[in-house]
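Here is a quick briefing for anyone meeting this structure for the first time. Have a look at it, then read on.

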Amino acid sequence: MASGGGLIIAAPASGSGKTVVTLAILRALARAGVRVHSFKVGPDYIDPAFHAAATGRPCFNLDPWAMRPATIAHLLDRLGGDAELILGEGVMGLFDGASDGTGSTADLAAMTGWPVVLVVDVRGQAASAAALLRGFASHRADVAVAGVIFNRVGGEAHADTLRRAVAPLGLPVLGCLPRAEQLRLPERHLGLVQAGERADMPAFLEAAADIAEQCLDLEQLRALARVVRAQGGLETIGGLAGLPPLGQRIAVARDIAFAFAYPSLLEQWRDAGAELSFFSPLADEAPSAGADAVYLPGGYPELHAGRLAANDRFLGALRAAAGRGTTIFGECGGYMVLGAGLTDADGACHAMTALLPLQTSFAQPRLHLGYRRARLAAGCALGARGGAFRGHEFHYAVVEDEGPGEPLFLCDDARGRALGANGRRVGTILGSFLHLIDREDETNTR
């Protein structure tokens, strides 16, 4: 289990500012010399890159719905290492999770025993915040709300009212953060604009850390951390053996159009003995000629479709690899690039690799969102027929044509309702809209 003490930054609702608050704390502690490691609760693949920019260390996802207890225990060990503090950022509101009511930040807090610090957006309220905090602190006996950070505070008088209102609860107020427009993070259709796309990211993080040092009691926050406890089946059992490596030498697409690869997945493949190399489709780079597998993770190919369509070296190398029988696996954005064409938001159609019979469009986007339970429709590089996985789907693509070929997965939603086929498989070419997180077995079957 993890050796460093941990705690979780959560909020009553999405949009409360917990990501910026977490980043401010992480950067302030890291530049003060604290060995701080971080994690993100749930399936989000954008926020972890911000964490990594703040700490200089990889950020893992911990997902109590999609991951087996053994996987979470393994990642906790990795997070511990030489860490003096493990700081996590929650997902949505503290008690929000999958549609079946499980997988929330609160569930992870209960599993680990880590206390929760709530970030409360107090625009439009003052003393009423005390009632909200009383409810959150008492809602679950197995979840310890250990402190609060008030965000978007209007001034000293506002802060004083908040502190006096909360005093009878005995809940430490770790600080009051002002309304700071310069700390707003721009967003787009899948979440925040990626950290790798922001040239001003170092300056942003330093400014956030400055405000954290001025307005938060970081020593008191660190004192709230607790060592993880094994609870609720969190003990490591057997090997990790989650998602099998696609091959022994895997070429991974990596740039701002293909950035949604979970760091834990790549580490797991390395642990299993696979050699990883990286290439940039946007830079018209080809995957390593010696690779026996190619992984195209999700990202934003729809924002760069014209550029990708003009990159003959990249497209030709993928087609040549397919001709050699190389396994090629695309997830979400990667799946779209394996198709014949991608229509962008302006209605322009761009030719892709045509390795799968798929045509997608963003001309009239439609949201697809939720956890998925997936079973392999046939044997392939991911495992035998019927092999079960858990993952997440989040995109706005519309499938205009998904032609002949076997489906890759048969899917249910988190409640077990059948959703039908997802993805396609043609020979060694595999793809779907799912972001796979872990395999499913009796330890995470509900």
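Arginine 184 and glutamate 181 form a salt bridge, with their closest N and O atoms 3.0 Å apart. A salt bridge here is a side-chain nitrogen of Lys or Arg within 4 Å of a carboxyl oxygen of Asp or Glu. Both arginine 184 and glutamate 181 are exposed (exposed is over 50% relative accessible area, buried is under 20%, and partly exposed is in between, using a 1.4 Å probe and protein chains only).

This is a predicted model, where local features need pLDDT of at least 70 and side-chain atom pairs count only at pLDDT 80 or more, while totals for chains, interfaces and linings use all residues. Residues are numbered from 1 along each chain as its sequence is written, and side-chain values use heavy atoms, with hydrogens and water left out.

**Salt bridges**

- The count comes to 28 salt bridges.
- Glutamate 89 and lysine 40 meet through their side chains in one of them, at 3.2 Å from N to O.
- Glutamate 89 sits in strand S4 (residues 85-89) and lysine 40 in strand S2 (residues 36-41), so this pair ties together parts that are 49 residues apart in sequence.
- Glutamate 89 is buried, with a relative accessible area of 0%, and lysine 40 is buried too, at 3%.
- Arginine 123 pairs up with aspartate 121 in a salt bridge whose closest N and O atoms are 2.7 Å apart.
- Aspartate 121 counts as buried, at 15% relative accessibility.
- There's also a network: Arg27, Arg31, Glu206, Asp210 and Glu213 are joined by salt bridges that share partners.

**Overall build**

- The chain has 12 helices and 25 strands (DSSP runs numbered from the N terminus: H or I with at least four residues for helices, E with at least two for strands).
- Its radius of gyration is 22 Å, close to the 22 Å that the globule rule gives for 446 residues, so the chain is as compact as a globular protein of that length. That radius is taken over C-alpha atoms, and the rule is 2.2 Å times the number of residues to the power 0.38.
- The C-alpha trace spans about 70 × 45 × 40 Å along its principal axes.

**Inside and contacts**

- Of the chain's 446 residues, 57% count as buried.
- Take the contacts with a separation of 6 or more: 75% of them are between residues 24 or more positions apart (contact means heavy atoms within 4.5 Å).
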